[in-house]
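I set down here what I looked up in the structure, entry by entry.

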Amino acid sequence: MGGYVPDDIMIGMIKDRLRQPDCTRGFILDGFPRTVPQAEALDVLMQELGRSFDRVLYLRVDLNELLRRLSGRLVCPLCQRTYPPGTEKCKADATALVQREDDKQEAVQPRIEIYLKKTIPVLDHYRSGDLVSEIDGRGTIDDISRQVLDAIGQNGQVRQ
Ligand SMILES: [Zn+2]
């Protein structure tokens, strides 16, 4: 839900990045694609590059939890770093943190609903290829890491 970048520009950026030598053995796309048109454009790109996805990980968090996490978020007005609810000062520059107008619950809820409406169909796009692993996003970082490793395989090889 960050800044808006048009799909064709985004696909061009991903294309340039995936051509770098460090992507030869594998890569992870985080938070992309978020819409079905993006997923379709990405399919075309992957085919062009002769690559394919091994897994699609869906970190599932229910709407109320998303609201709680996002609407409590605080930001440093000086350097724009974001912090979880309850943090008092920016760790980098000790400025008092504030809540952005568009991070307040009443502003966040419609954004999340629009986001889910566009993003959930992306899962169906990949489910047809049996690529989706659902990860329970409610647990601790350790719980989630374990589920992610289990889904992709400890050595990065996809479990068959
Ligand atoms: Zn700061």
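Confidence. I read a mean pLDDT (the predictor's confidence in each residue, from 0 to 100) of 88 for the protein, with 94% of its residues at 70 or more. Helix α3 (residues 63–71) has the lowest confidence, at a mean of 81, and α2 the highest, at 95. This is a predicted model, in which local features need pLDDT of at least 70, side-chain atom pairs count only at pLDDT 80 or more, and totals for chains, interfaces and linings use all residues. Residues are numbered from 1 along each chain as its sequence is written.

Architecture. I noted five helices and four strands, taken as DSSP runs (helices H or I, at least four residues; strands E, at least two) numbered from the N terminus. Their order from the N terminus is α-α-β-α-β-β-α-β-α. Along the principal axes, the C-alpha atoms fill a box of roughly 50 × 35 × 30 Å.

Burial. Of the 160 residues, 6% are buried. A residue is buried if 20 or more other C-beta atoms, placed from the backbone, lie within 10 Å of its own, exposed if 12 or fewer, and partly exposed in between.

Helix α2. I checked the length of α2 (residues 36–49): its 14 residues should span 20 Å at 1.5 Å a residue, and its end C-alpha atoms are 20 Å apart, which agrees. The expected span is 1.5 Å times one less than the number of residues. Gly 50 follows α2 and has a positive phi, near 70°.

Ile 120. I located Ile 120 in helix α4 (residues 105–127). Ile 120 is exposed because 11 other C-beta atoms lie within 10 Å. Its C-alpha atom is separated by 21 Å from that of Asp 8, 112 residues apart along the chain.
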